[in-house]
Amino acid sequence: MRSSSWTRRRRVGYAFIAPVFLFLCAVVLFPLGHAFYTSLLRVRGLSSTFVGFANYARVLTDDAFWHSLGVSLAFTTSCVLLHMAIGLGLALLLDGLRFARTALRIAFLTPWMVAPAVGATIWLWLLEPQFGVVNYLLVAWGAVKAPLAWLGEPALAFASVVAVDTWRGVPFVMLLMLAGLQTIPREQYEAAAIDGADAWQRFRYVTLPNLRYLLVVASTLDVINTIRHYDIIGVMTAGGPAGATEVLPVLLYNTAFRGNRFGEAAAIGVLLLAIVLAFSLLHIRAARLER
Amino acid sequence: MRNIRKLAAAVACLACVAAAAQQPIVLQWQTANLTESQYEPVWKATIAEFEAANPGIKVEPVLVARKDHWTKFVAAAQAKKAPCIVTVDLTTAAYNGYLMPLDKYWNAEPQEFRNAWSPAMLSASKWKGQLYGLPIWGGTYAEIYNRDLVTKAGLDPNKPPKTWAEYASWAKKLTGNDQWATAVLGGKTDTTTRVLLMWIWSNGGEAFNADMTEATFAKNPKSLEAIKFYLGLVKDGVAAPAPTTTNYLEQTNLFAQQKIATMRNAYWAIAKVNGDNPALKGKVFVAPGPANVPNAPTLTSVAASSISASCPNPEAAWKFIKFDAGKKWTVERAKVANWMPTRNDMADDPAFKADPLLAQFVTIGNNARSYPLPSPIWAEIAANDIVDAVQRALLSPEKTEEIFRDLDAKVTKKLKDV
């Protein structure tokens with residue numbers, strides 16, 4: 001009797017989750033399966049031939065892929081470190097404020113509200129070498145003698161896209177950290193103060209340990225988010241100059257839409273997915289351990 | 001009662017069929033140029049007049065930025081939902097099966113209509129002997145100069161440089177404080193490749209062998225010499241800085257703001273700079289690009305209207321293409337957007353003869369090679385591989401030969417893989 005009721009309740013439960021499950025299958029599993037299937041084909045426009053894992057072999061023996069992987073890792077590492085450092089700094093600043101907190105919070109969140117492609121286009125014009133505001137100000141203040149080709153030199157272009165991604169990505173970390181800071185019991189700070197701890201010691205021995213879980217969550221989520229990011233680089237440099245900013249998603253796009261090699265592009269996509277999945281597993285594991 | 005129900009159902013079905021029959025055919029039209037302000041009045045008028053003459057057909061423009069044009073088309077073509085009328089890299093699109101052969105419609109047209117296009121012009125719209133597009137407009141490239149800046153530098157606008165040596169001498173004189181003679185194009189679009197090809201041809205070089213199975217950028221000494229000279233303009237300080245981000249837009253901005261005195265571009269660039277800076281109207285002159293060999297050809301890009309393979313109404317699409325290719329719109333495009341005619345029956349048109357700049361472009365275009373080059377992977381080679389090599393050479397000029405040798409090997413491999 002009990003068992004049949006339990007089975008019925010289970011069935012009802014399945015019925016409730018079925019629509020969401022079907023929806024996820026349609027928008028996640030089917031595209032993923034299709035992408036994997038495409039990666040096994042040599043696609044020529046509307047016709048295709050099954051080639052097994054030849055696309056993977058081709059991609060993995062291509063210098064462009066390894067170069068892009070290197071650029072992706074450098075880009076992601078730089079961006080995530082900056083997001084975390086600046087995001088935490090801003091969260092501490094906002095947490096300590098007693099006035100204009102809401103206004104500043106909204107102001108700092110603005111870059112996150114702007115669509116990445118729109119933000120990138122704004123920065124593209126701000127950094128324009130001849131007529132851009134950034135060069136105009138730098139020259140006017142005497143910081144540089146001649147306008148800089150922000151997106152025209154490999155090192156500068158890389159630094160520029162990292163800077164713009166930092167501008168975009170900091171609010172997310174700031175928001176998480178701020179939420180975390182507000183959950184730390186005030187008594188811990190008071191106890192530390194009674195023990196004679198200075199500001200740095202309070203941060204080192206009270207704030208950081210309390211934020212450890214959130215720091216792990218934020219950084220792994222940020223890695224996952226940044227490594228698959230296309231918009232900013234796609235708009236600002238399209239991977240140039242000379243491949244200096246060609247991260248994996250940009251290589252994927254260029255292979256598919258400039259090279260018209262959809263099979264290879266799908267293989268790059270699957271490899272990128274594997275990297276993202278590895279970070280996701282790391283995230284789940286780290287989150288479990290921290291809990 | 002049952003019969004009444006049946007009758008009602010039949011009437012409802014008939015009403016639906018009649019309503020569907022009355023729905024106009026909607027043709028989507030996508031080119032990279034519909035978002036260009038100088039062309040907007042022309043295409044709007046073309047559509048309005050076509051729809052008035054053909055009440056059963058509606059033309060819906062697909063507005064898309066130039067750099068996203070191909071991506072959007074390919075994504076739609078893969079989904080078999082591509083706009084019916086498109087202007088795209090014809091060979092690449094035909095090779096990939098995205099376009100419909102037009103021979104059936106073309107051959108059904110009267111001889112008088114077909115004679116309006118020369119076989120040479122039509123050949124640029126063919127792939128494997130089949131016609132995939134009707135050439136609608138073109139653009140011959142020439143050297144465009146700012147008359148005021150030339151005169152200010154003490155140079156004679158009536159004697160523009162004919163050789164590289166003369167051009168180099170002019171370039172030095174046209175360069176001043178925060179101002180340069182020209183702009184070298186190295187941005188990530190195929191405009192970079194167009195200009196590079198012209199410099200190569202101007203030295204008697206070739207970028208490819210005759211049947212396009214081998215790249216010869218470095219293999220051909222004349223080509224390599226041209227590449228070094230052209231890209232060297234940056235190192236010499238006579239070309240604007242940041243060439244790796246300079247494309248059509250940046251180049252015409254620099255020219256309109258009088259930061260550069262000369263640019264290699266087509267007639268349409270004059271409409272763009274006049275729009276950006278009306279003070280320049282009537283202050284430009286054109287000349288053939290300087291060359292080291294006699295009769296060096298320039299480049300004419302041909303834009304042809306095609307019908308996508310998935311178009312459900314190809315007859316209506318062909319009707320619009322024919323309408324758009326008509327004399328009236330050919331004149332309008334030339335007058336308003338500065339796009340050159342592809343029809344050979346319009347050279348004596350008074351509207352063209354009245355425009356001395358256009359007449360000059362037409363004369364320069366008498367010795368031109370058509371673009372894009374006929375390879376099914378041209379879009380990738382032109383916008384990716386060649387541009388990448390140009391960017392690398394601009395960043396490391398001392399490695400130019402090595403970079404273009406690598407390019408030869410890479411592109412040759414791709415051409416042989418097709």
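This is a predicted model: local features need pLDDT of at least 70, side-chain atom pairs count only at pLDDT 80 or more; totals for chains, interfaces and linings use all residues.
**View 1. Where chain A meets chain B.** Let's start at the interface, where 21 residues of chain A are in contact with 24 residues of chain B. On the chain A side, helix α11 (residues 248-258) gives the most, with 3 residues. By residue type, that side of chain A divides into 10 nonpolar, 9 polar and 2 charged residues.

**View 2. The buried face of helix α15 in chain B.** Here we look at residues 327-337 of chain B, which form α15. Thr330(B), Arg333(B), Ala334(B) and Ala337(B) are the ones to find, as they are buried. Seen down the axis of α15(B), the buried residues fall within an arc of 115°, so they line one face of the helix. An α-helix has 3.6 residues a turn, so residues three or four places apart point the same way. The packing partners of these buried residues in chain B are helices α2 (40-53), α13 (268-276), α16 (350-353) and α17 (356-364), together with strands β6 (134-146) and β10 (340-341). Follow the chain just past α15(B) and you reach Asn338(B), which takes a positive phi of about 60°.

View 3. Strand β6 of chain B holds Gly139(B). Gly139(B) counts as buried because 23 other C-beta atoms lie within 10 Å, where 20 or more are needed. Leaving aside residues up to four places away in sequence, Gly139(B) touches Ala266(B), Tyr267(B), Trp268(B), Thr300(B), Ser301(B), Trp339(B) and Met340(B).

Notes: Residues are numbered from 1 along each chain as its sequence is written. Chains are lettered from A and ligands numbered from 1 in the order in which they are written. Two residues are in contact if their C-beta atoms, placed from the backbone, lie within 7 Å. Helices (H or I, at least four residues) and strands (E, at least two) are DSSP runs, numbered from the N terminus. Ala, Val, Leu, Ile, Met, Phe, Trp, Tyr, Cys and Pro count as nonpolar, Asp, Glu, Lys and Arg as charged, and the others, Gly among them, as polar. A residue is buried if 20 or more other C-beta atoms lie within 10 Å of its own, exposed if 12 or fewer, and partly exposed in between; C-beta atoms are placed from the backbone. The arc is that of the directions from the helix axis to the C-beta atoms.
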